[in-house]
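Here's a set of exercises to work through with the model open beside you. Each one starts with a task and then walks through a solution.

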Amino acid sequence: MKKILILIAAIVFFAIMLSACGSSDELTLNVYNWGEYISDGSEGSFDTIREFESWYEETYGQPIKVNYDTYASNEDMYNKISSGAVSYDVIIPSDYMIARMKDEGLLLPLNFDNIPNYQYIDESFRGLYYDPDDEYSVPYTYGVVGVIYNANVVDEADAQGWELMWNEKYAGNILQFNNSRDAFATAQYKLGIDVNTTDTAQWDAALEELKAQAPLVKSYVMDEIYNMMESGEAAVGAYYAGDYFTMLDAQAENVDLRFYYPDPTNYFVDAMCIPSCCQNQELAEIFINYMLSAEPAIANAEYIYYASPNSLVYDDQGYLEDIGEEAVAILYPGVEDFSQLYNTYAYRNLDSDTLDYINTLWENLKIN
Amino acid sequence: MKPASKVFTALIMIFLFAPIVILLVFSFNEAKSLSVFSGFSLYWYRELFRDSETLNAVKNTLVLAVCAAAISTVMGTAAAVGINKLRNRYLHAVMDTVTNIPMINPEIITGISLMLMFVFVGRLFGAATSLSFWTMLIAHVTFCLPYVILQVLPKLQQMDASLPEAAMDLGCTPLRAFFKVEIPEILPGIITGLIMAFTLSLDDFVISYFTAGNGFQTLPIRIYSMTKKTVTPKMYALATIIFFVILALLLISNLSDSDGSRAIKAARQKRKNLKAQNSI
């Protein structure tokens with residue numbers, strides 16, 4: 001009996017030592033990022049966090065420990081940060097969340113003297129609406145929504161514009177977003193309505209369009225789109241360009257997935273920021289600067305498969321060859337002035353009255 | 001069994017285990033897809049052991065589960081012994097109910113209230129970050145405790161109360177009587193409680209989600225956060241491994257339980273025989 005008790009005590013002691021050690025006087029940096037959103041050393045890739053630790057020790061002669069945590073949505077991250085119970089040094093929210101956190105004083109202005117690599121961020125990614133004076137954020141990835149279709153079912157001639165998602169020939173084969181904002185946007189882009197309008201009549205018009213589409217829709221989906229498109233269960237759906245390649249990798253034998261951009265369409269940017277709970281701002285800026293340098297930036301772009309706003313990445317021959325011609329053409333559609341398109345067509349935070357109105361319309365659609 | 005009940009049992013078994021079987025099969029899939037099985041491969045298991053962040057999350061989860069299980073077992077056993085000694089019937093009922101509250105309370109409420117309390121106390125002491133490994137450990141001990149009590153208390157009630165008394169009669173100190181006589185008698189309950197606490201702590205998501213601090217992420221939280229991109233088959237491999245570990249633990253627990261009850265029955269029989277001899 002005594003032996004068992006001693007054994008348990010020993011295990012507890014050992015476990016506590018294991019978790020407590022290493023936190024003595026070592027520098028620590030707390031990074032909070034989306035899940036699966038950094039090159040992590042899997043499948044032989046570059047292990048960004050470990051490489052940063054050894055790079056920092058070599059450069060500054062001091063060991064550092066990076067605590068890397070992940071979140072599932074902007075709202076999850078926002079709740080943790082705004083509760084004041086945690087302290088992260090670097091976070092990577094999406095555009096609209098940056099605007100909100102900035103307005104609520106949850107972000108610190110960056111000292112760009114510590115981020116010289118910011119020069120490699122393309123000019124057209126500056127002055128975006130969520131951070132018009134480029135004080136709080138450094139773009140990490142961006143993406144564009146496109147239409148994915150199965151070429152074995154869909155006629156090549158029909159594959160253009162948002163009209164494909166309303167084409168009666170493919171009734172029962174079409175997937176629509178199961179998220180009010182994204183679903184309404186497809187109708188609004190099709191009708192040429194501003195996605196950030198506060199005019200309720202225009203939202204009504206978009207609703208009519210979605211109602212007309214409803215009998216053709218197989219189901220309203222988010223993540224389920226991967227398996228449904230890969231297996232050929234559905235033939236038409238809109239999603240992000242980078243995610244199209246995930247589906248392409250896993251498509252079944254009798255499925256031939258293709259992709260195109262309707263015009264206009266939706267854009268998003270995820271950017272690195274420093275929250276106001278940061279404990280060591282200079283260290284956080286050094287980390288952001290490191291993320292912008294060639295090797296990690298290229299590795300992350302290859303791992304995440306979203307487009308990078310960093311010229312060290314999209315001008316790198318090795319990177320372009322690695323991802324292949326087709327991916328280059330799709331990920332970097334060669335828009336002339338990204339900031340102008342982005343500021344026109346990206347979602348913004350709507351006032352709560354409009355949001356309530358949209359939600360009522362959305363429920364109305366889902367009930368019928 | 002009648003054919004109808006056979007069919008019914010089979011159906012229930014299928015509903016219970018089909019998801020696990022699918023997960024198991026696809027963890028050996030060569031490709032990334034969930035719709036196409038392209039060939040047997042250990043590729044995802046190899047990838048799993050190269051993913052340092054996931055392994056770190058596994059380590060965190062295990063450290064937390066071992067600590068929480070050990071602490072809640074010691075505390076829970078002590079609490080059960082105390083509750084069992086209460087002579088006042090009403091007080092007994094009150095204690096029973098109070099200890100059951102964390103078990104019946106919806107997890108999300110336990111999680112939020114614990115987080116609020118940690119933040120409040122943290123602010124009171126002016127700490128920059130109030131959530132850490134320790135807050136998470138306190139939270140896990142909190143929800144594991146009632147399960148341990150629930151396992152140990154019936155064993156104490158089954159035990160013949162005159163056993164420790166006899167030990168003390170023969171010169172044992174109360175402490176010695178407790179360790180030499182009571183503990184061996186209720187050991188099956190303690191072990192079951194320990195294993196239950198361990199598995200509960202291992203797979204808890206909701207409470208961990210609210211009480212996790214920076215730098216200490218557990219596996220369920222990490223898997224949940226993978227939904228921006230798809231969950232990779234690495235996680236199927238990990239889930240398969242965890243499933244078999246838990247299965248092994250359950251088997252051990254059930255075996256030790258039946259061993260224990262057999263031992264107790266044998267001891268009772270012996271005692272009866274002795275009594276019978278003495279009366280002659």
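**Exercise 1. Find the bridge partner of A:Tyr32 in S2(A), then work out the sheet around that pair.**

Step 1. A:Tyr32 has A:Asp69 as its bridge partner in S2(A). Before going on, some bookkeeping: this is a predicted model, where local features need pLDDT of at least 70, side-chain atom pairs count only at pLDDT 80 or more, and totals for chains, interfaces and linings use all residues. Residues are numbered from 1 along each chain as its sequence is written, while chains are lettered from A and ligands numbered from 1 in the order in which they are written. Helices (H or I, at least four residues) and strands (E, at least two) are DSSP runs, numbered from the N terminus.

Step 2. Strand S1 (residues 27-34) of chain A and S2(A) run parallel and are joined by eight bridges. For two strands to pair, DSSP has to find at least two bridges between them.

Step 3. Now the whole sheet: it is open, has three strands in the order S2-S1-S3 (chain A), and its pairing is parallel. Strand S2 (64-71) and strand S3 (90-91) of chain A are at the edges with a single partner strand each, so each has one side without a neighbour in the sheet.

Step 4. Helix H9 (residues 281-292) of chain A packs on this sheet and touches S1 and S3 of chain A. The direction of H9 makes about 55 degrees with that of S1(A). Contact here is a matter of C-beta atoms, placed from the backbone, lying within 7 Å.

**Exercise 2. Which strands does S5(A) pair with?**

Step 1. Strand S5 (residues 174-177) of chain A runs parallel to strand S6 (residues 217-221) of chain A, with four bridges joining them. Within S6(A), A:Val221 stands opposite A:Phe177.

Step 2. S5(A) is also joined to S7(A) by two bridges, and these run parallel too. Here A:Ile174 has A:Val236 of S7(A) as its bridge partner.

**Exercise 3. How do H10 and H12 of chain A pack, and which residues make the contact?**

Step 1. Helix H10 (residues 294-304) and helix H12 (residues 317-331) of chain A pack at an angle of about 5 degrees, with their axes 11 Å apart. Axes are lines fitted to C-alpha atoms, for helices over the stretch in contact, and angles run from 0 to 180 degrees between N-to-C directions.

Step 2. That angle makes H10(A) roughly parallel to H12(A) (under 35 degrees is roughly parallel, over 145 roughly antiparallel, 65 to 115 roughly perpendicular and the rest oblique).

Step 3. H10(A) brings A:Ile298, A:Ala301 and A:Glu302, and H12(A) brings A:Tyr319, A:Asp322 and A:Ile323. Sorted by class, that's four nonpolar, no polar and two charged residues. Ala, Val, Leu, Ile, Met, Phe, Trp, Tyr, Cys and Pro count as nonpolar, Asp, Glu, Lys and Arg as charged, and the others, Gly among them, as polar.

**Exercise 4. Check the backbone at A:Glu36, A:Tyr305 and A:Pro264.**

Step 1. A:Glu36 lies in the loop between S1 and helix H2 (48-60) of chain A. Its phi is near 55 degrees, which is positive in a residue other than glycine. A:Glu36 has 19 other C-beta atoms within 10 Å, so it is partly exposed. The cut-offs: buried takes 20 or more other C-beta atoms within 10 Å, exposed 12 or fewer, and partly exposed is in between, with C-beta atoms placed from the backbone.

Step 2. A:Tyr305 sits in the loop between H10 and helix H11 (311-314) of chain A. Phi of A:Tyr305 is near 65 degrees, again a positive value in a residue other than glycine. A:Tyr305 has 21 C-beta neighbours inside 10 Å, so it counts as buried.

Step 3. Going from A:Asp263 to A:Pro264, the peptide bond is cis, with omega near 0 degrees. A:Pro264 is in the loop between strand S8 (257-260) and strand S9 (267-272) of chain A.

**Exercise 5. How many residues does each chain give to the contact between chain A and chain B?**

Step 1. Chain A gives 41 residues and chain B gives 39.

Step 2. On the chain A side, H1(A) gives the most, with seven residues. By class, the chain A side holds 18 nonpolar, 14 polar and nine charged residues.

Key
Two residues are in contact if their C-beta atoms, placed from the backbone, lie within 7 Å.
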